[in-house]
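Trainee: Could you walk me through this one while I have it open?

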Amino acid sequence: MDEQDKKLVIQDEDGKNYEREILFTYESKTSGKKYVFFFDPLSKDDEVQVLRYSDEGTLEEVENDEEYEELEEVFNAYVEEQDEK
């Protein structure tokens, strides 16, 4: 993944664009849904957000608790793996 591939531009309902940096992507083996984990590189906090995405480029909030729990497990495994490096 080159530097350009790590950028994500999110547009709000007012048409304002926000650039975010992609941490990693994930595709669920059970549901086949795709997700992007990202953060604001200009922010002082370490908050990581996740959105579901389609091949058409549409981003959606994760609203299902079961889906969110799976993503939380994926993120925790990612953090553990990074800590081991």
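This is a predicted model: local features need pLDDT of at least 70, side-chain atom pairs count only at pLDDT 80 or more; totals for chains, interfaces and linings use all residues.

Trainee: Okay, and which residue does Val-36 stand opposite in strand 4?

Mentor: Val-36 has Leu-51 standing opposite, and strand 3, residues 34-39, is joined to strand 4, residues 49-53, by five bridges, with the two strands running antiparallel.

Trainee: How many bridges join strand 4 to strand 5?

Mentor: Two bridges do so, and strand 4 again runs antiparallel to its partner, strand 5, which covers residues 59-60; within strand 5, Glu-60 is the residue that Arg-52 stands opposite.

Trainee: What about the hairpin of those two, which residue takes a positive phi there?

Mentor: That is Gly-57, with a phi near 95 degrees, in a hairpin that has five residues between strand 4 and strand 5.

Trainee: So what is the strand order in the whole sheet?

Mentor: The sheet is open and has five strands in the order 1-2-3-4-5, paired antiparallel. Strand 1, residues 7-11, and strand 5 each have a single partner strand, so they stand at the edges and one side of each is left without a neighbour in the sheet.

Trainee: Switching to the surface, which residues form the negative patch?

Mentor: The negative surface patch is formed by Asp-65, Glu-66, Glu-69, Glu-72 and Glu-73, and Glu-66 is found in helix 1, which spans residues 65-84.

Trainee: Is Glu-66 buried or exposed?

Mentor: Glu-66 is exposed, because its relative accessible area is 66%, and the cut-off for exposed is over 50%.

Notes
Residues are numbered from 1 along each chain as its sequence is written. Side-chain values use heavy atoms; hydrogens and water are left out. Patches are made of residues with over 30% relative accessible area and no salt bridge: like charges are joined within 9 Å, nonpolar side chains (Val, Leu, Ile, Met, Phe, Trp, Tyr) within 5 Å. Accessible areas come from the Shrake-Rupley method with a 1.4 Å probe; for residues, only the protein chains shown count as cover. A salt bridge is a side-chain nitrogen of Lys or Arg within 4 Å of a carboxyl oxygen of Asp or Glu. Lys and Arg count as positive and Asp and Glu as negative; His and the chain ends are not counted. The place of a charge is taken as NZ of Lys, CZ of Arg, CG of Asp or CD of Glu. Helices (H or I, at least four residues) and strands (E, at least two) are DSSP runs, numbered from the N terminus. Buried means under 20% relative accessible area, exposed over 50%, partly exposed in between (1.4 Å probe, protein chains only). Two strands pair if DSSP finds at least two bridges between them.
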